[in-house]
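Dear colleague,

Please find the structure below, followed by some notes on what was found in it.

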Amino acid sequence: MDTRIIQIDRHHIDDGDKLHEAARIIKEGGLVAFPTETVYGLGADACNPEAAKKIYQAKGRPSDNPLIIHISDIKDLDTYAKNVGAKARKLALAFWPGPLTMILEKKDIIPSTTSGGLETVGIRMPADEVARRFIELAETAIAAPSANVSGRPSPTKADHVIEDMCGRIDMIIDADRSRIGLESTIVDMTRDIPMILRPGFVTKSMIEEVIGEVEADAMMLAKPTQDRKPKAPGMKYRHYAPKAKLYIIEGEEKDVAKYINTALVHLSNPEKTAIMVSKETAGYYDFANMEIIGSREEESDILYNLFDILRKFDAMDIELVYSEAFYSQRWGDAIMNRLLKAAGYNRIKV
Ligand code: TXA
Ligand code: MG
């Protein structure tokens, strides 16, 4: 399949008819990857089961892993979800458009192919203006998982999508880097006390400020087992993984640096080894393949760079990575949820 790549200047979204063409592909049941503020999404008409099925094929995604749907207007919440309670409405008003996905009871208009066989559906209204205009022109909700091949790090740049999806989908909309760089927070609103299933930019305390008590899935930072699985179906799968074997070293900064530096001395293959560290601790190391993920003080840089660096390791053919842990104040859970998964939960405490 030929994949068309179109460039959209986000200051002139409506120049030309490129987004109209993208919307037409959606109406005809095709696949279009598009930018959002979290990560790039792989979109299809959420109400068309044949189109949704193509998403699973293009990604190599297991069919029990539901898709979240994207809307361009808060009013559409009731088009696709039923029994929307007061708390969900409050969260929509507070955080939409933005990086928050709410799990709600689905209406019949959403086919079970889209919902992975569940009676619920995840809904989000993205903040990215290119995404919203595209959804509006498509005149439907757009089902979209992250636009990576299943198991790979999520794409935060059009180049990442091109790497994974060229030849598999109809079109890729290229419009700069995703502003946040980490997938949305998912909160299950079908429970008496809502529960966060995936941590993201919108934190537990931000949500609690609006609706009071919420819980968090205890499995967010734990290794899934046969008996204990995370509540979001997709979170049990190996994910975000670079090709390299990745170790997370946890402990006091200096102890971590000592451990990593000792390990680096004994390498048989230094060119194929890399380290991932923070700006604050970079001075402890003297190693060629060092990626600085960002500052522990500017946590948003860490969100922004994480997936890009994991993909860079693949491009460099790295086989072994030592990473510090980033349990920072605000987004530590969100960062470590992704990093631990990427490492297959290989953590070494020093
Ligand atoms: O930021 C995002 O959320 C991005 C952009 C493109 O919007 N999308 C995204 O989709 O991350 P995806 O499919 O890669 O991750 C969605 C996660 C999966 O783990 C899936 O299992 C879970 O949400 N999920 C979807 N529908 C669900 C439902 N009804 N109940 C529980 N979990 C659900
Ligand atoms: Mg994903």
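In this predicted model, the buried residues of helix H1 pack against strand E2 (32-34), strand E3 (41-45), helix H5 (129-138), strand E8 (142-143) and strand E9 (171-174), where contact means heavy atoms within 4.5 Å, and helices (H or I, at least four residues) and strands (E, at least two) are DSSP runs numbered from the N terminus. Helix H1 spans residues 18-27, and its buried residues (under 20% relative accessible area, 1.4 Å probe, protein chains only) are Leu19, Ala22, Ala23, Ile25 and Ile26. Seen down the axis of H1, these residues fall within an arc of 155°, taken from the directions from the helix axis to the C-beta atoms, so they line one face of the helix. Just after H1, glycine 29 adopts a positive phi of about 90°.

For the chain as a whole, there are 10 helices and 17 strands, and buried residues make up 57% of the 350 residues. Of the contacts with a separation of 6 or more, 68% are between residues 24 or more positions apart. The C-alpha atoms fill a box of roughly 60 × 45 × 40 Å along the principal axes.

As for conventions, residues are numbered from 1 along each chain as its sequence is written, while chains are lettered from A and ligands numbered from 1 in the order in which they are written. Local features need pLDDT of at least 70 and side-chain atom pairs count only at pLDDT 80 or more, whereas totals for chains, interfaces and linings use all residues, and side-chain values use heavy atoms, with hydrogens and water left out.

With kind regards

Key:
Buried < 20%, exposed > 50% of the residue type's maximum accessible area, 1.4 Å probe, protein only.
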